[in-house]
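Work through the exercises below with the structure in view. Each task is followed by a solution in steps.

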Amino acid sequence: MNEAEYRDAHKLIESQITGAARVFYTYLEIQKIASEGGDNFRKIQQDGHFWTLELYALQCTTFIILGRLFDKRTDVYSIPGFLDDTVKSRDLFSKAALKERKRDAVKDGPPGWLEDLLSRAHEPTDDDFNKLTDAFEAAKKEWQLLAPIRHKVFAHTDRNALDANFQATLFENTTIVGVEDILNNLMKIRLMTWELLENGRLRWIADDYRTYADVYINDARQLFGHIHIG
């Protein structure tokens, strides 16, 4: 896999990881806004059918995108395939490859800071790649608790759907923290691979890192600020 192909692969996986985070945290924020009462609650109440549909769509989309990312089939491109391509393309993360990328980006010759950048650049080790695998395995462990919901409720209609206790049983192991942990581990993979490729920097976000959610939370808040009570 050459650099252009790897960048395309990264862009595809990145769009799905960030897409899952966007819809999930937007869903959570709308729920939170509704629970706060006051004007925002009245804004939701006056168009209740729309917001019920919106919440369902966001919930459904979260499960569908996560299902794509964890798909094990050989005819799809998901996180397992991306990690395999990352390991096979480790030459793209070398200092020599980084040097060529940065030199090509500057029309008037290599920038003065290039040598300093290269001296600090990190070439990933086997341990680094193992961390990527560990992050995926941790995310997959959480996903295995949620996957039946995706398969039996959102992607397909299980024959037991008419059973009043069916969905309650499926959802009993579902937690907000569990989904957040999945997204955090997927973000570790996204950010680490991008920083290594683009800047030769090893970046490993903390388990409680959630800054990427702020923009989606703020967008939801701003939306409600534009809605008027009829």
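Buried means under 20% relative accessible area, exposed means over 50%, and partly exposed lies in between, with a 1.4 Å probe and protein chains only. The model is predicted, so local features need pLDDT of at least 70 and side-chain atom pairs count only at pLDDT 80 or more, while totals for chains, interfaces and linings use all residues. Residues are numbered from 1 along each chain as its sequence is written, and side-chain values use heavy atoms, with hydrogens and water left out.

**Exercise 1. Describe the chain as a whole.**

Step 1. Count the elements, taking helices (H or I, at least four residues) and strands (E, at least two) as DSSP runs numbered from the N terminus. The chain has 10 helices and 0 strands.

Step 2. Take the extent. Along the principal axes, the C-alpha atoms fill a box of roughly 60 × 45 × 25 Å.

Step 3. Find the buried share. Of the 230 residues, 40% count as buried.

Step 4. Look at contacts (heavy atoms within 4.5 Å). Among those between residues at least 6 apart in sequence, 76% join residues at least 24 apart.

**Exercise 2. Classify two ring pairs and say which parts of the chain they link.**

Step 1. Set the rule. Rings of Phe, Tyr and Trp (its six-membered ring) pair if their centres lie within 6.5 Å; planes under 30 degrees apart count as stacked, over 60 as edge-to-face and the rest as tilted. The whole structure holds 12 aromatic pairs.

Step 2. Apply the rule to Tyr25 and Tyr212. With 6.4 Å centre to centre and 70° between the planes, this pair is edge-to-face. Tyr25 is in helix H1 and Tyr212 in the loop between H9 and H10, 187 residues apart. Both Tyr25 and Tyr212 are buried.

Step 3. Apply the rule to Trp51 and Phe224. This pair is stacked because the ring centres are 4.9 Å apart and the planes stand at 25°. Trp51 lies in helix H3 and Phe224 in helix H10, so the pair ties together parts 173 residues apart in sequence.

Step 4. Check burial. Trp51 counts as buried because its relative accessibility is 7%, and Phe224 counts as buried at 1%.

**Exercise 3. Is Asn185 buried or exposed, and which residues does Asn185 touch?**

Step 1. Locate the residue: Asn185 lies in helix H9.

Step 2. Compare with the cut-off. Asn185 has a relative accessible area of 11%, so this residue is buried.

Step 3. List the partners. Not counting residues up to four places away in sequence, Asn185 touches Ala135, Ala138 and Ala139.
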